[in-house]
Amino acid sequence: MGKVGSKEGQYYGVMVWRAGRDRLATRVNLDSRNIDLHSILCPVCDTEIESMEHLMVYCSWSNVIWNKVFQWWGFCLPQNMGGNAFLNIIDFVRNLSPRIKASFKPLQLRCFEAVLFTSAWIMWRSRNLKVFTDKSQSSVEVFKEIQQLSYNWISCRCKILSVNWDVWIDNPLEACRLY
Ligand SMILES: [Zn+2]
């Protein structure tokens with residue numbers, strides 16, 4: 001997998017911003033604008049209506065991915081997030097209490113935030129892959145791609161940090177510690 005260029009980085013920033021406001025072209029959104037679609041079901045699980053909250057949070061596919069991402073970093077995925085669940089995940093770092101924030105290095109929190117954004121971007125890309133090419137990616141495949149792409153991204157963005165791949169996989173907080 002190649003390095004992530006700044007263009008792609010900018011693109012997923014926009015994608016996360018739009019998704020937070022539920023403006024992405026999910027099927028329920030297109031349907032409400034009278035665009036005739038074959039199905040308004042989630043393209044991944046094919047059982048629930050595809051809203052942004054379902055696709056990005058409550059679908060068993062995305063839920064497993066988020067759980068893996070949070071466990072990988074030693075955090076717990078927030079529960080009972082209500083109607084703004086996707087934004088709550090994306091803003092997880094920003095919403096941490098000052099006491100919890102103080103127990104981490106700022107760089108560790110910035111890196112985890114980058115991982116959350118990368119996750120959202122890769123999940124959306126994977127959803128489009130399924131819609132446009134009918135290629136399915138399992139939660140595990142998407143999770144591995146998140147680890148790889150966020151590693152590339154952080155390695156090229158953080159010149160001061162030399163991130164070791166094995167440590168990144170085993171203990172990302174340790175990998176992002178600056179001595
Ligand atoms: Zn689904």
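This is a predicted model: local features need pLDDT of at least 70, side-chain atom pairs count only at pLDDT 80 or more; totals for chains, interfaces and linings use all residues.
Entry 1, the core. I looked up the largest nonpolar core and found 36 residues, of which Met56, Phe86 and Ala120 touch the most other members. Such a core is a set of buried Ala, Val, Leu, Ile, Met, Phe, Trp, Tyr and Cys residues joined through C-beta atoms within 7 Å. Buried means that 20 or more other C-beta atoms lie within 10 Å of a residue's own, with C-beta atoms placed from the backbone. Helices H1 (6-20), H3 (52-58), H4 (60-73), H5 (85-90), H7 and H8 each give two or more residues to this core. H7 provides the largest share, 9 residues.

Residues are numbered from 1 along each chain as its sequence is written.

Buried residues make up 30% of the 179 residues.

Leaving aside neighbours within four places in sequence, I found Ala120 in contact with Val16, Ala19, Met56 and Ile90. Contact means that C-beta atoms, placed from the backbone, lie within 7 Å.

I looked up the axes of H7 (residues 106-133) and H8 (residues 139-157), which come within 9 Å and cross at roughly 130°. Axes are lines fitted to C-alpha atoms, for helices over the stretch in contact, and angles run from 0 to 180 degrees between N-to-C directions.

Methods:
Helices (H or I, at least four residues) and strands (E, at least two) are DSSP runs, numbered from the N terminus. A residue is buried if 20 or more other C-beta atoms lie within 10 Å of its own, exposed if 12 or fewer, and partly exposed in between; C-beta atoms are placed from the backbone. Two residues are in contact if their C-beta atoms, placed from the backbone, lie within 7 Å.
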